[in-house]
Amino acid sequence: MAKAASKLGWKIVGGGATALAGMAASRVVNALYRKVRKSDPPANPADPDTAWTEAVAWAAISGLAIGIGRLAAERAAARGWARATGSPPPGMLHPKTSFSEERTASED
């Protein structure tokens, strides 16, 4: 039961952190786009009236920013989880040995 509660707790904490980071990154990218381009970002980059260069640039920049923001938030949440619980979040368990340790042991 404790394992299931821990898993659910991490889903709430990790999911909440990544969702908030994604929304924040999206707002930052929108604001930067408006500042640089002096216009609103494309409402729907798939719209045929949106130029390919603008659609691709918007998709790449927003995807990269949102992805990095979510990754940073999940890593920060995982560090906080580990500090609070004394163990890594469920599903992020570190292997007991690393590849270099295995190789060194087999060479002896």
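Where does K38 lie? The close-ups below, all from a predicted model, start there.

**View 1. K38, in the loop between the two helices α1 and α2.** K38 sits in the loop that joins up the story between α1 (2-37) and α2. Take a look at its backbone: phi of K38 is near 60°, a positive value in a residue other than glycine. That's worth a glance, because most residues other than glycine have a negative phi. K38 is also exposed, with a relative accessible area of 70%, so it clears the 50% cut-off for that label.

**View 2. W10 and W81, one of two aromatic pairs in the structure.**

**View 3. Y33 and W58, another edge-to-face pair.** The ring centres of Y33 and W58 are 5.2 Å apart, with 80° between the planes. Y33 comes from helix α1 and W58 from helix α2, so this pair ties together parts that are 25 residues apart in sequence. Buried or exposed? Both Y33 and W58 are buried.

**View 4. S62 and its contact with W58.** S62 has its place in helix α2 (residues 52-85). With a relative accessible area of 13%, S62 is buried.

How values were computed:
Residues numbered from 1 in each chain as written. Predicted model: local features only at pLDDT ≥ 70, side-chain atom pairs only at ≥ 80, totals over all residues. Heavy atoms only, no water. Helix = DSSP H or I, 4+ residues; strand = E, 2+ residues; numbered from the N terminus. Buried < 20%, exposed > 50% of the residue type's maximum accessible area, 1.4 Å probe, protein only. Polar contact = N/O pair within 3.5 Å; in protein donor to acceptor, adjacent residues only side chain to side chain. Phe/Tyr/Trp six-rings, centres within 6.5 Å; stacked < 30°, edge-to-face > 60°.
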